[in-house]
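Keep the structure open as you read.

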Amino acid sequence: GLKRVRQEIQNPDLFEGVTAVQREQWLARVEGRIDRVEAKQLQEREMRYRAGERLLNLSMGIVMQGLPLGDDLANRTAAAVRGIPELEGQFQDVIRTQREVSAILAKPLDQQIAALSAMESQALSGGVNSAAAIANISRLRTAVTTNVRRLQDEPLVVLSERTGTPAEELDVVNLLATGGVSGQGAMTSRILALKAAQRQYGNAVAPAVLLPQDVSSLRAALATAGQTRGRTVAQDQAAVYGSLYRSIVRTPADLPYYRAAVKQLSGKSTTDPGVTVDPVVIQAGLLYGTNPQGAERLLAGRAIDSKLDPFKDADLRTAISDMVGDAYRRRPAAQAAAIAAITSYYRAARAQRGATDGEIDDELLREAVTTTQGTPVEFGDHFVMAPPGMDEDEFDRALHDEWRRTAQRRGIPAQVVVALGDGYHVEQRDTYRFRVVGPGDVP
C-alpha cells in the first residue's frame, strides 16, 4: 500500500496544485515509512528463520537420541518453518531421519551395526544422492552410538522415554524405614523391563536398576551416615546397602542387579566386566536382612586402617586358607573377595574386643568366616562353603535333595543316581550355586 502511494505521489498528473516541494516532503515521509516497514519485516523474517532453526535443531537432537518427536513439537516445528523453503526441506529430513532411526534402533545391536554397514556400502557405490546418503548415514551412526551409551548409562530412562511411561522414583526414606520392602515391587518391575530390553538389544543394555535421581538420593543418605544421634556410620551404611539389597534381590539370579546398583552409587561402569565393586559392601547387603550386626561390623572394619593392626595380613590370609581349605579353587576373584570381607569383619571384631596383640584369634576368625561366607563343608577331598546361615547338616540335606531333584528333572533313573562322595564331589560356582563333578573332574 505504501509503495502504491509512492507511485501516485510521483505521478505529475495527480494532486493538481501541489508544489514540487510538497511532493518531495510527502515522498520522503512515505519512503521513510516504507523503510521502517521493510526493516521490521526483515527482522521478523530473520527472527522466524532463527526460531524455525532452533526448533529444527531441537527436533533433530531428540530424534538422534532415538526418542519419539512427539506431536506437539512436530506441529510447532512444522508451523515455524512453513513458507520458508529451505527450512521446510530440513524438516522433511527430520521426519525421514526419525523413521529411519526408529527402524534401526528397534533391531538388536549387532543388526543395527550390520544395517548401517550395508547402507554405507550402498551409498559409497555411487549415485546421484550418494553424498547426501553418506551424510544421513553419519547421522544414523551418531544415533546408534548415542543409543548404546544411554542404554549403558541410564537404560531405565531410555526405556521410559520410548514407552512414554516414566519409571517411578524410589522413596528412599520409606525404603530405609521398611528395610527395603517398600521398593520390592518397583524393583521387580524394573528388572523385568531390563531383561526384556536385554533380549531385544543384547548386552548393550546395562543391568543398572537405579534411576539417576535414585542414585542422588541414596548417595545423600550415605553422605549423612552417622549424623543421627545414637547411630554409627556403619549402622546407617548397613541400612542403606541392606535395604537396597532386600528391595532388589528376590532370588540369586537378581544378584547382578544389586552389584550394578552398588557400582552406580560408586560412579563405576555397570557394563565393564573388569570393573569390580567392594566385596565388603556386597556382602554387607546380603547379610543385613538376617544379621544386621554382622553387616555393620563388616562395614565398620573398612574404616580401620590396616597399619594400626598388629597382626600381619599375610598371616591372616594363611589362617583363612587353613580354615576354608580349597573351597575357592578355580575362583581367584571369589577368594580375593572372601578374604577382603573376612578381614574387614575380623578387624572390626578385634577392635570391639579391644585386642592389641598380634596373635590370630582362631575363634574370632571362625566367626568372621561363618558370618560373612558360610560354613566350610568337606565333600570327599574338597571343601565348599555352605551359604551364610546354613550349618553343615542343613547344607548337606539341601544339597542331596537338590541333587536328586536335578537328576529327576533330567530323566536320570533313580537307581543310577549315586550318593555324593562316592567318586563324586561338589564344586562351588558362587554363594548359592554348586555343581556335581564326577571322576576325572567331569561335570
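A residue counts as buried when its relative accessible area is under 20%, as exposed when it is over 50%, and as partly exposed in between. Keep those cut-offs in mind, because the points below use them. The model is predicted. It holds 17 salt bridges.

- Glutamate 46 and arginine 50 join their side chains in a salt bridge, at 2.9 Å from N to O.
- Both residues belong to helix H2 (residues 20-64). They sit four residues apart, about one turn of the helix.
- An α-helix has 3.6 residues a turn, so residues three or four places apart point the same way.
- Side chains of opposite charge can pair when their charged atoms come close.
- Glutamate 46 has a relative accessible area of 38%, so it is partly exposed.
- Arginine 50 is partly exposed too, with a value of 48%.

**A pair between two helices**

- Aspartate 214 makes a salt bridge with arginine 190. Their closest N and O atoms are 2.7 Å apart.
- This pair links distant parts of the chain. Aspartate 214 is in helix H10 (residues 212-223), arginine 190 is in helix H9 (residues 184-201), and 24 residues separate them.
- Is aspartate 214 buried or exposed? Its relative accessibility is 0%, so aspartate 214 counts as buried.
- Arginine 190 has 5% relative accessibility, so it counts as buried as well.

- Aspartate 236 and arginine 231 form a salt bridge, with 2.4 Å between the closest N and O atoms.
- Aspartate 236 is buried, because its relative accessible area of 13% is under the 20% cut-off.
- Arginine 231 is partly exposed, at 35% relative accessibility.

**A covered helix**

- Helix H12 (residues 255-265) is mostly covered. Nine of its 11 residues are buried.
- Among the buried residues of H12 are Leu255, Tyr257, Tyr258, Val262 and Leu265. Lys263 and Gln264 are also on that list.
- The buried residues of H12 pack against H9, H10, helix H11 (233-248) and helix H13 (279-288).
- Glycine 267 follows H12. The phi of glycine 267 is positive, near 75°.

Terms used:
Residues numbered from 1 in each chain as written. Predicted model: local features only at pLDDT ≥ 70, side-chain atom pairs only at ≥ 80, totals over all residues. Heavy atoms only, no water. Salt bridge = Lys/Arg side-chain N within 4 Å of Asp/Glu carboxyl O. Buried < 20%, exposed > 50% of the residue type's maximum accessible area, 1.4 Å probe, protein only. Contact = heavy atoms within 4.5 Å.
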